[in-house]
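Subject: Structure handover

Hello,

Here is the structure I promised to pass on. Please open it first, then read my notes below.

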Amino acid sequence: MNNLGQMTLMALRYLNGRRLRTALTTLAIVFGVALIFAINITLPGAIAAFTQSLSSLTGADMTITNVTGASFAPESALPLVQDVEGVAAVTGVLRRSFTLPAIGSELGSATSIEMIGIEPETMQQVRQFTISDGRFLQPDDRGAVVVPAGIAEIAPQIEIGSTFPLISAAGLRTYTVVGFSAEQGSLSQPTLYLNLPDVQAAFGQPGQINTIEIALSPGADAAAVSEAVLAALGDTYIVDGGAAGNEAFAAVQASLLVLNLMGVLALFLGAFLIFNTFRTIVIERRRDLGMLRAIGATRGQITTMILVESLLQGVIGTLIGLLLGYLMASAMIYGLAGVYRSYFSGVSLGITMSAGAVISAVALGLLTALLAGYFPARAAGRISPLDALRPPTPVSVNRATRSSLIVGIVLMVLAIVMLLAGGQTAVGGAVVFLVGMVAAAPGLIMPLARLFSPLLTLWFAREGDLARSNLQRQPGRAAITASTLMIGLAVLILMAAMVLALGQLVNTLADRNFASDVFITPPSISVYNNVLGADASLEDRLRALPEIETVASLRYASSGLDGTRLEVLGIDPATYPQVASLEFSAGSEVESFAALGEGRTAIVTGLAASTLNLEMGDEISLQTANGAQTYRIVGIGEDILTFKLATLFISQANMAADFNKTEDVLLMANFSPGVEDAAGLAAVQTVMADYPQFTVHLTGQYRQTLVDTTSAAFVIFYGLAGLILLPAALGLLNTLTINILERTREIGVIRAVGGSQRQVQRIVTAEALLLGIFGAALGVLAGVAMSYGFIGAFSALGWEVPYIFPVAGIIAAIVVGVLIALFAGILPARSAARLDIIRALQYE
Amino acid sequence: MFILKTESLTKKYGSESQPIYALRDLNMSVEAGEFVAIMGPSGSGKSTALYLMGGLDRPTSGHVWLRDKDITTMNDDALSKVRRESIGFVFQFFNLIPVLTAVENVAMPLILDGVPRPQALERAEAALKQVDLANRASHRPSELSGGQQQRAAIARALAAKPAIILADEPTGNLDSRSSDEVVAVLRRTVDDFGQTLVLVTHDPRVAAHADRIVFIKDGNIVDENRLKGADRAEQIREKLGRVAMSEG
């Protein structure tokens, strides 16, 4: 069509003619696009940074690690790699990033460091080091360290010959700076180079490495070498791996998905808004469009014209959305920097522009606008040319509300059946219920309006009746607005119910699981990847204290089963039950722990059992550092630290054999009989002074802190609900404004026959309130159904969560709904009251 | 040679058992360069006849021939093309697009027909000149008087050089001075450019400018007249009165 330019021109002029409405509708797109864009320029960047921080970026041609990330003996692998054709040089490295204790770091603002143990001679055959000051490591150096030159920025006191202490698995160790490397690296996570034996001692892993670095012969084909290396080593090794086996990485990816979902939901509500506006536009321009048909425009041309207009709004909204998204991302980074650093240390959060982020945001924005505009555009195309010839009369929309009511009710009944079925089906039921509500909404408007009518009449007298009849004239639009609000409020109730249920779960688990007197924790709980724990020295020293009766510890490794990541925790089946307990849903405390001491056996968490479809007695082929091993399931159980992860408990003996891990990441201890809390704590703390990577808590206090932090984390749920409610409020404001624009002439008549400004204002306010009450009523129903469905799904995940009726959430939703309605009504009510009577009467 | 001819044109509303005829077997023909006025009391079917002639509505039975083409059998797109290229409409409510200038409004049918914008605007300017509105080309409808708006609407009808212009009460919404202006412009298009024109009106002063007047009542032609003389308007008024009083 070669008249697209003309269409665009007309669309622009029409949009410009109703600036306020254009702005409100466009905002709907702006918001969704901004959210999606903001998320996608921050999180993937963080993931990439994370990946980079984990993989060897330091200049070796190729790196090899164990598939589980575990360490291994160099003799078993190095010679095999050395012999591969195309490999010029190899060297073994033991490297790890870990979080530094929050206080007392000699390295300035660094929150974590990467420690790399190397053999200087072989390493220098693999890659070049540039030393900017001092010297490189010598093979017989002990306690010597090469630091990045950039460290001067955060720790200016460090110079050649300086010494500083650092945490290690065997207590604090002191190192002497011998040189500065020219490598800049990340200042939030400086890289330190030491001799291999020093690092092996620091990590409590004598004789072990975890990375092989390779330099290729000139002209060697990397892919071929990689293949040959893997053939030589077997499938327990991977080339250039890194982030694959990282739990924090998985967490960031999951949050990326969830946040994107929220963005899509926001856009979905935006689509509602645009649909609403364009339906109004088509009604308003009935005569213009009919005339265009009369002078020869085809149906297709009319449809295109309206589509061009919605697309234009999409384009404008998307552009502003990109800009706003960028600002949001900057604000998010600023606001979250602290939180983020404590969880994902070593990764600086930043904005990463990528074509993908721009394209996905733009595509979603434009598609939403087009899709939302499509149905009104199609309706516009069906306008008869005769409409141009009819005198302008107010058009009332009488849609087939009855049939949609029936469809809605059928869907809701189906949804209730699905909800009662529980499990995964219940989630589907929740969604079906929501769809059913949206479908039934136009049909519910009339009866609900009648229901609330006495209340409204009581409050607003005649104005209330007028407001109600205004809504009833446009049940379709009222329903869409109420539906927008409904979704927002339903999400709020859902969040409230989830917080209640999870809070209850945490409380129950916390009460039952903590049996020890003292709890010794690393900087982050449940995420042990960046933790530098302690070797046997700590447990031995604690056990030697007369105040301590029993000590038990957790060890950590990561593994996989059929491609699913699994966390593996090593416990001593003899001591662990004395200081802690698990909630068993299959097996029992006595039998399962006893069985854990015999052969390769495991207790899995409910989440692991449900995701991997495991039952008592099943045998699984678990990925270990030394290849796949068969483990038998002897129990299904979890505690507060593991309930949200797919975790496997195995004995520490098996962990040492299969994962080469003997490092304790968390310890629990019981005092000897008669020892007071204060005295016991003081004794433990004397030992812990050498291991500042740990924090010591009395278990009672720790339990409370844990419950408190968990509740604090739940606030994020409410934040998400807020994000959804914002477009709902916009939708309400939009509908009210459009209603008033459409009825300008009518308002003029009301004023002309003697209605006061106050009365007009009250009509609009009553209308807003009525919409708010509709939305809240629908939202409560949908919210209860959704929360029931989602919480039912928890049990499918293996968590025994009771459904607690979210009374507070429902009250909050009603209050929020009514408040949003009143707030959204303020501006339109005021502008309606201030209309110039003469001009209002002439308004067309 | 006729430009437009209706053949047993019938439009029926209501149920099968109690049909209401808006038009019943209307047979009427319009010659090239002729200015025909259709008159009749309200509800007589005069507007319905005009809509059917212009392909805005579909008849219950019968045919409308535009030169050698039967437009009653066309599909919607073909009909749109006919309206675009061969028929010009003028409405009682001028129906200009409020966000477009006068010249852009006039160019609209051409643009819809795929004429490139510069040429379309050029031809629109020429059409505006024809209705003495060249000096208002870049005004929006809201900046024009009623008479000027209607002249712009006439220019829009003329722009595509249609075979026939159909005007539905073009002065119905105007004061008498503007009304005279508009009728004068319409008459001139017939006299100076040989335009064929059918006009529906209830105003004898407007009808007086036509070459031929067709009186319709109850969906059919009851009288047809070519009037002469200075008191034509008076004659028409009289005739109209008689038509209204007559039975059947």
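Which residues of helix H3 (residues 74-82) of chain A are buried? Keep in mind that this is a predicted model. The buried ones are Pro74(A), Ala77(A), Leu78(A) and Val81(A). They cover an arc of only 100° around the axis, so they sit on the same side of H3(A). In general, an α-helix has 3.6 residues a turn, so residues three or four places apart point the same way.

Now the two chains in outline.

- Chain A has 844 residues, and 56% of them count as buried. Its secondary structure is 24 helices and 20 strands. Of its contacts with a separation of 6 or more, 83% join residues 24 or more positions apart. Chain A exposes about 33300 Å², with 62% from carbon and sulfur atoms.
- Chain B has 248 residues, and 57% of them count as buried. It has eight helices and ten strands. Here 69% of the contacts with a separation of 6 or more join residues 24 or more positions apart. Chain B exposes about 10400 Å², with 47% from carbon and sulfur atoms.

Next, the salt bridges. The count over all chains is 23.

One of them pairs Asp57(B) with Lys11(B), at 3.6 Å from N to O. Asp57(B) lies in the loop between helix H1 (46-53) and strand S4 (61-66) of chain B, and Lys11(B) lies in strand S1 (residues 2-14) of chain B, so the pair ties together parts that are 46 residues apart in sequence. Are these two residues buried or exposed? Both are buried.

Arg187(B) counts as buried, at 17% relative accessibility. Asp191(B) is partly exposed, at 46%.

Arg187(B) also forms a salt bridge with Asp211(B), at 3.0 Å from N to O. Asp211(B) lies in the loop between helix H7 (204-207) and strand S9 (212-217) of chain B, so this pair links parts that are 24 residues apart in sequence. Asp211(B) is partly exposed, at 27% relative accessibility.

Finally, shared partners join Arg95(A), Glu114(A), Arg127(A) and Glu213(A) into one network of salt bridges.

Best wishes

Note on methods. Residues numbered from 1 in each chain as written. Chains lettered and ligands numbered in written order. Predicted model: local features only at pLDDT ≥ 70, side-chain atom pairs only at ≥ 80, totals over all residues. Heavy atoms only, no water. Helix = DSSP H or I, 4+ residues; strand = E, 2+ residues; numbered from the N terminus. Buried < 20%, exposed > 50% of the residue type's maximum accessible area, 1.4 Å probe, protein only. Contact = heavy atoms within 4.5 Å. Areas by Shrake-Rupley, 256 points an atom, 1.4 Å probe, with all protein chains shown as cover. Arc of directions from axis to C-beta. Salt bridge = Lys/Arg side-chain N within 4 Å of Asp/Glu carboxyl O.
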